[in-house]
Amino acid sequence: MNLLTRYLGREIYLSIALVFAALIMLFAFLDLIHELNVMGQGQYHLGYVLLFVALTIPGHVYELFPVAVLVGAIFALVQLAASSELTVYRASGASLWQMLGALFKISLPLIALSFAFSEFVAPPSERMAQQLRLKAQNSQVSLKEFRSGVWVKDERSFVNVKSVMPDTSLSNVNIYLFDDTYHLQAITNATRANFIEEGRWQLEEVMETRFDKQGTTVNTAASQEWRSALNPGILSVLLVVPEQMSAYDLYQYVGHLQDNRQKSARYEIAMWNKLVYPLALLVMMLLALPFASYQRRSGGISAMIFAGIVLGLVFHFVGRLFASLGALNDWSPFVSATAMTGLFLLLGLAMLWWTERR
């Protein structure tokens, strides 16, 4: 059985690598075309464009893992079935459960690799790509949640940030401080805020307006320290979409939103996706196994590969659709993130049952 596992693993890994190469080249080419439309803004020339595309590749690798595993496994199993090699293994006493066990062992390194890309490679690479483009274009992030910028609740304060610079310093900051009864106590305006250490920011060109029973007091200062629970890690979500963040960063930001009684559905869905997505590779392997019953008289290899590509794309795009609908309709984040994986698990089990019964 170990011989079967090693042989299957070699064939499946090679097929997955070939599928990955094709998909990455396709998505990188599409990214290149998109970036060429904005090339020439500031110092954003072809060299920066190519570097930006290269830095976004790890994110595509993570996103396309289930599709590549499904198509690659189907391709390898169908090829082996077409040459009757799997038939020989089954005739030699390899049961369905042994085949499943072999595929499970083969998928473990892929799960570890997917998790590594999800947590340690794709998020910093995507952040570097966004910062590279912003710096090359000599621009800053325009926050479009509202016309006035982004609003963040920080304990008893409401913070309005017009823009976040690529180094995560803040530009045009307004801090509205309220008391326990939600009466406005002070408004602080600063042209810039720089992070010092956890819980501390340095405000520059500060104007503070205080309200009390005696009237209004206005004070100005060249700089002033600002105590806040905000940090660059939290604000970095404004540079990278939730789907490209690590599960740990998402967990921290979800906690921040919940502590301040703000909606966190989109980030919770992204967090659960990060945790469940590597396990989807097991489901893809399970779904590929029924294709091992391929017979030459039942159709061509190309038809099987096409079916695998369609299933993979359905998993990828309909899964995103479920996540978007869940965020819009306040569905359970766990259900929204795992619905497609659960449906494909049921489909794989049904196909296995039908194949074995036949």
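How many helices and strands does the secondary structure of the protein come to, and where is the place of Ile74?

Tutor: This is a predicted model, in which local features need pLDDT of at least 70 and side-chain atom pairs count only at pLDDT 80 or more, while totals for chains, interfaces and linings use all residues. Residues are numbered from 1 along each chain as its sequence is written, and side-chain values use heavy atoms, with hydrogens and water left out.

The protein comes to ten helices and seven strands, where helices (H or I, at least four residues) and strands (E, at least two) are DSSP runs numbered from the N terminus. The protein is more spread out than a compact globule, because its radius of gyration is 26 Å, well over the 21 Å that the globule rule gives for 358 residues; the radius is taken over C-alpha atoms, and the rule is 2.2 Å times the number of residues to the power 0.38. The C-alpha trace spans about 90 × 45 × 30 Å along its principal axes.

Ile74 lies in helix α2, which covers residues 46-82. Ile74 is buried, with a relative accessible area of 0%, where buried means under 20%, exposed over 50% and partly exposed in between (1.4 Å probe, protein chains only); of the 358 residues of the protein, 49% count as buried. Leaving aside residues up to four places away in sequence, Ile74 touches Ala288, Phe291, Met304, Ile305 and Gly308, a contact meaning heavy atoms within 4.5 Å. Ile74 and Met128, by comparison, are 54 residues apart in sequence and 35 Å apart in space, C-alpha to C-alpha.
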